[in-house]
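Please open the model in your viewer and keep the selection tool at hand. The stops below are meant to be taken in order, each with something to select and something to look for.

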Amino acid sequence: MADHTTFSYDVLIVGAGGAGLRAAIEAARGGVSVGLICKSLLGKAHTVMAEGGMAAAMANNDDRDNWRVHFADTMRGGQYLNNWRMAEIHAKEAPDRVRELEGWGAVFDRTPDGRINQRNFGGHRYPRLAHVGDRTGLELIRTLQDHTVYLGVQVHMEHTVIDLLLDGGRAAGVVAYDRERGRFKVFSAKAVVLATGGLGRAYKVTSNSWEGTGDGHALAYRVGAELIDMEFIQFHPTGMVWPPSVKGILVTEGVRGEGGVLKNSQGRRFMFDDIPDNYKPQTASDPEEGWRYTQGDKSARRPPELLTRDHVARCINREVKAGRGSPHGGVFLDIAWIKEKIKDSEAHIKRKLPSMYHQFKELADLDITKEPMEVGPTTHYVMGGIRVDADSQESTIPGLFAAGECAAGINGANRLGGNSLSDLIVFGKRAGEYAAEFARGRGATRLDQGAVDRAILSSLEPFERGDVGENPYKIQADLQDTMQSLVGIVRTESEMQEALVRIEALKARAANTCVSGHREYHSGWHTALDLRNLLAVSEAIARSAIERRESRGGHFREDCPDKIAEFSTVNMMVKRSADGTMELSRVPLPPIPDYLKAVIEEQKS
Amino acid sequence: MATATFKLWRTRTDGDGAFQPYQTEISDGMVVLDVVHKIQAEQAPDLAVRWNCKAGKCGSCSAEINGKPRLMCMTRLSQVNLNEPVTVEPMRAFPSIKDLVTDVSWNMRVKQTIQKFAPRPADAPDGTWRMAQKDVDRVQEFRKCIECFLCQDVCHVLRDHNKHDEFIGPRFFVYAANLEMNPIDTADRVPDLKDKHNIGYCNITKCCTKVCPEHIHITDNAIIPLKERVVDRFYDPVSKLLRTVTGPRRQVP
C-alpha cells in the first residue's frame with residue numbers, strides 16, 4: 001500500500017476561489033463537516049485578479065434594470081447557447097448574493113445616496129457591476145475567506161488533487177499531495193464539489209496564473225463526467241503586451257467603462273468601423289454619445305469599445321494583422337484623453353482605476369493618466385466545462401458537483417464581463433447547498449484502495465526516471481505554443497487537425513517526464529503532474545472546435561466565418577469512452593420555455 | 001542579450017541553507033520573479049518559489065531582494081543593481097519550508113483570534129446598509145491589503161523579538177482597523193488590542209509602512225488610531241474620572 005494519510009469529510013470542496021469558498025460557507029451552514037483543498041495559500045486564488053465587478057441587477061444606478069434585462073443580456077452575449085435555466089437563476093439570485101456580502105464585511109463603492117455603486121460594462125444594458133475600484137475580485141475573495149475562517153471549515157492549503165475516486169459510480173473522494181512536503185493525502189467524502197477555475201495555462205499568452213491548468217475539467221473527464229462547450233475560449237481584448245514578461249496580464253474592461261477608447265496606429269477609433277447588426281440599436285452613433293454613456297447619461301448608448309469581448313478581441317486582432325498595430329504588437333487603449341472632458345482627470349483616473357495605474361506604473365513604467373496603454377488579446381476564460389444540472393450544479397456523476405469557471409452552461413458561447421464573479425457566488429452557493437443535502441442523505445463511501453495506490457505510484461514515476469526523460473517545463477511550453485498558434489483566436493480546420501497530431505506526440509512525451517531531487521515544493525514535479533490535465537483539456541478544446549463548423553461567440557473559424565443554423569441548437573460534448581479515447585457528440589440545447597422567450601423578445605428593441 | 005548573476009537561497013535537507021549563484025540571460029522589462037522562473041526552468045527544476053498572479057495582486061511571492069522585503073513580481077530589474085550579484089532569499093520572520101518558500105500559516109491562525117465582523121441590523125428592507133463613500137474611504141484603504149506579509153516580515157517585534165505568541169503584527173492591526181472603522185460594525189476590539197494583541201509593543205518605527213506594496217499607511221492610518229483608542233479607553237485620566245461617575249463605557253452603536 002502506497003504511503004499516505006487519510007481525511008474524511010461529508011463535503012469536500014476542491015478549489016478556494018470565489019466559487020469554492022462560497023460553496024464551503026453554504027455547505028457548513030448545511031450542518032455537515034466540510035473540507036476545503038486549495039492549490040495555493042488561502043486567499044490567493046485567481047479570483048483576486050478579477051477587476052471590474054460583479055453583475056447583479058440591483059438597479060441602484062438605473063431603476064430600469066431588473067433580472068429580465070440581465071437574463072436577456074446574458075443570453076444575447078452567449079449567442080443563445082447558454083443553459084437558459086442557469087442564466088435565469090443567475091439573473092434572479094445575483095442581487096441577493098451581492099447584498100449578503102455586505103453583511104459579511106465587503107465594502108463596495110457607494111452611490112451618492114449611500115447604496116452599492118454599479119458601473120457600466122460590455123454587453124450589459126444598464127450599469128450593473130457592483131465594484132470596489134478595480135480590485136473587486138480581491139474584495140470578494142477576502143470577504144468570503146474572512147467569513148469562512150470562523151465557520152470550522154478545515155482548510156488544506158497548497159494541496160493538489162491528482163485523481164477523483166468513485167465508489168460504485170458515485171463520487172467518493174480524491175487523492176492529493178501536499179505541495180510543501182510532497183506527501184500523499186487521501187480524502188474520502190460523501191460529496192465532492194469541484195471549483196477549480198480555468199485552463200488559461202494551455203495557452204502562451206494568458207491572464208491566468210500557474211493554477212489555471214484545467215484540473216477540475218480533467219479530473220471530472222477522467223472519471224466519465226461530460227464536458228460541454230469546450231470550443232468557447234474567451235480571449236479578453238485587453239491584456240498587457242509589453243514588457244514581454246507581463247504579456248497577457250489583464251487590463252480591466254473598466255478602463256473602457258470609464259471612457260477609455262481603442263485606437264490604432266493611425267489614431268483611428270476602429271471600433272466604430274465594425275458594429276454587428278444585432279448590437280447596432282444599442283451602440284452609440286458617434287464618440288460624443290459614447291462618452292456621455294460612460295458618464296452615466298441614461299439617454300446615451302454605449303460606445304463600441306464596450307461591445308462583447310469576443311468581438312472587440314477580433315477587431316484588435318484584425319488591426320494588428322493589417323499592420324495598424326502599436327509598436328509591440330497591440331493597439332492603443334487611451335484613458336488619458338479624458339483630460340479634454342474632466343478637469344482633474346489625473347486624480348479621477350487614479351481614483352477610478354487605482355490598480356491599473358499602479359500596474360502600468362510599476363511594470364511598464366507608464367503613466368496611464370498621461371499616455372495611452374498598449375493592449376492586445378489574452379486568453380482569459382473558458383466558457384466550457386463540466387456539464388451540470390442547472391439548479392443543483394450536480395454533474396452527470398452522482399455526488400460530484402461543479403461551480404464557477406470549471407462548470408459550463410451559464411455563459412454559452414461568450415461570457416459577459418462581470419458575470420463571472422456573480423456566477424461564483426450564485427452557483428457556488430447552490431453547489432454547497434446541494435452537496436450538503438446530498439451528503440446528509442447518504443451513507444459513507446468506500447475507498448477504492450487499488451485506485452489510491454495506482455494514482456500515487458503513477459505520480460511518482462517521474463522521480464523513478466531520474467535524469468532519463470523529458471523536461472516537463474519544455475513540454476508545457478511546447479503545448480502552449482501549439483494551442484496559441486493553432487487553436488487560438490482565429491481558427492481553421494487544418495491547423496486544428498495539426499494541433500491534434502501535436503497533442504498526441506506531447507502526450508507520449510508527457511508520459512516520459514523526469515525529475516530529480518526531493519518531493520518538497522518541487523515545481524518541476526508539479527508541472528509534470530499538471531501536464532496530464534492540460535493535455536486533456538487542450539484535446540477537448542481542439543476536438544470541439546473542429547466539430548463546430550461555424551463562427552459564434554468566442555469561437556471564430558476563418559474557414560467558416562458565418563453563424564450556421566444547425567449549430568444554434570446544440571452544445572458540443574466530450575466524454576471519455578470505454579477504451580480511454582475522447583468521444584465527441586452533439587447534445588441538443590434544452591428548449592427555452594415560452595415565458596423566457598418572451599423576455600428575450602421584449603428586450604430585443 | 002545581457003547576463004546577470006543571481007544568488008538564490010537554497011535550503012539543504014537538514015533545513016540549513018546557503019546562497020547559490022546562477023548566471024542567467026536577462027532582457028528588457030523583466031522582473032525578479034521572471035529571473036527566478038528562468039533559472040528554475042533551465043538550471044534548477046527543483047527550486048521552490050511560491051507565486052501566483054504575477055501582477056502584484058495576490059501577495060504570494062514575497063521575498064527579500066538584496067536584503068529588502070519586496071514582491072518578486074513587482075521588482076523590475078531596472079530597480080536593482082545588476083553589476084553585482086542580486087541576492088534573493090525567503091522572508092526571515094517565518095520558518096523556512098524550502099528555498100524561497102516560508103511557512104506563513106501563523107498568520108492564518110492569528111486572524112481567527114480577532115473578533116469577527118458584526119454588523120448592526122440592516123438599514124433597509126432589502127438587507128443592505130446606507131454608507132457614504134467618504135465614510136468608507138479609510139476602510140477601503142485597509143481592504144487593499146493583499147496579505148503578502150512583508151509588513152510582518154519587517155516588524156522588529158516579530159522579526160527580532162519573536163513575539164509571535166503575544167503580538168499580531170501590522171497586517172492584523174490593519175485587519176482590526178478595517179473592522180473597527182467599518183461604519184456598520186458593532187463589535188468592540190479595543191480591550192483585545194490592548195491585552196491580547198499587545199498593540200503597545202509597536203513603537204511606530206514605520207518599517208511596515210515602508211515595505212507595503214499597496215502603499216497602505218499602516219502606521220499612520222491603522223496602528224496609531226487604534227493605539228489612540230486604547231489610550232482613550234484605558235489611560236486617559238479625564239475619561240477615567242468620568243467613568244467613575246457615569247459607569248463603564250458602553251459601545252455606541
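The tour begins with the model as a whole, moves to the interface, and then visits single sites in each chain.

**Before you select anything**

This is a predicted model, in which local features need a pLDDT of at least 70 and side-chain atom pairs count only at pLDDT 80 or more, while totals for chains, interfaces and linings use all residues. Residues are numbered from 1 along each chain as its sequence is written, chains are lettered from A and ligands numbered from 1 in the order in which they are written, and side-chain values use heavy atoms, with hydrogens and water left out.

The predictor gives the complex an ipTM of 0.93 and a pTM of 0.94.

**Stop 1: the interface**

Select the residues of each chain that are in contact with the other, contact meaning heavy atoms within 4.5 Å; this picks out 61 residues of chain A and 60 residues of chain B. Between them the two chains bury about 5000 Å², 54% of it on carbon and sulfur atoms, where buried area is the accessible area (1.4 Å probe) that two parts lose on being put together, summed over both. In chain A, the residues that lose the most area to chain B are A:K44, A:Y150 and A:Y521, which together make up 14% of what that side buries.

Next, look for the pairs that cross the interface: there are 37 residue pairs in polar contact, both residues being at pLDDT 80 or more. A polar contact is a pair of N or O atoms within 3.5 Å; within protein, one must be able to donate a hydrogen and the other to accept it, and residues adjacent in sequence count only if both atoms are side-chain atoms. Which helices of chain A each supply at least two residues of the side that touches chain B? They are helix 3 (84-103), helix 4 (136-148), helix 10 (354-364) and helix 15 (523-547), and helix 10 gives the most, with 7 residues. Helices (H or I, at least four residues) and strands (E, at least two) are DSSP runs, numbered from the N terminus.

The count of salt bridges between the chains is 7, a salt bridge being a side-chain nitrogen of Lys or Arg within 4 Å of a carboxyl oxygen of Asp or Glu. To see one of them, select A:E158 and B:R50, whose closest N and O atoms are 2.7 Å apart.

**Stop 2: helix 1 of chain B**

Select residues 32-42 of chain B, a helix that is mostly covered, with 8 of its 11 residues buried. Here buried means under 20% relative accessible area, exposed over 50%, and partly exposed in between (1.4 Å probe, protein chains only). Among the buried residues are B:V32, B:L33 and B:I39. What covers them includes helix 13 (472-486) and helix 15 of chain A, together with strand 1 (2-11), strand 2 (17-26), strand 3 (62-65) and strand 5 (86-89) of chain B.

**Stop 3: two loop residues of chain B**

Move to B:H197, in the loop between helix 7 (190-195) and helix 8 (207-211) of chain B. Is B:H197 buried or exposed? It counts as buried because its relative accessibility is 4%. Its side chain makes a polar contact with the side chain of B:T113 (3.4 Å).

Then select B:K163, in the loop between helix 5 (156-159) and helix 6 (169-180) of chain B. B:K163 is partly exposed, at 30% relative accessible area, and, leaving aside neighbours within four places in sequence, is in contact with B:V157, B:L158 and B:Y201.

**Stop 4: salt bridges within the chains**

Over all chains the count comes to 88 salt bridges. Select A:R387 and A:E226, whose side chains meet in one of them (2.7 Å, N to O); the pair links distant parts of the chain, 161 residues apart. A:R387 is partly exposed at 28% relative accessibility, whereas A:E226 is buried at 13%.

Finish with A:E493, A:E547, A:R549, A:R557, A:D559, A:E566 and A:R586, which are linked in a network of salt bridges.
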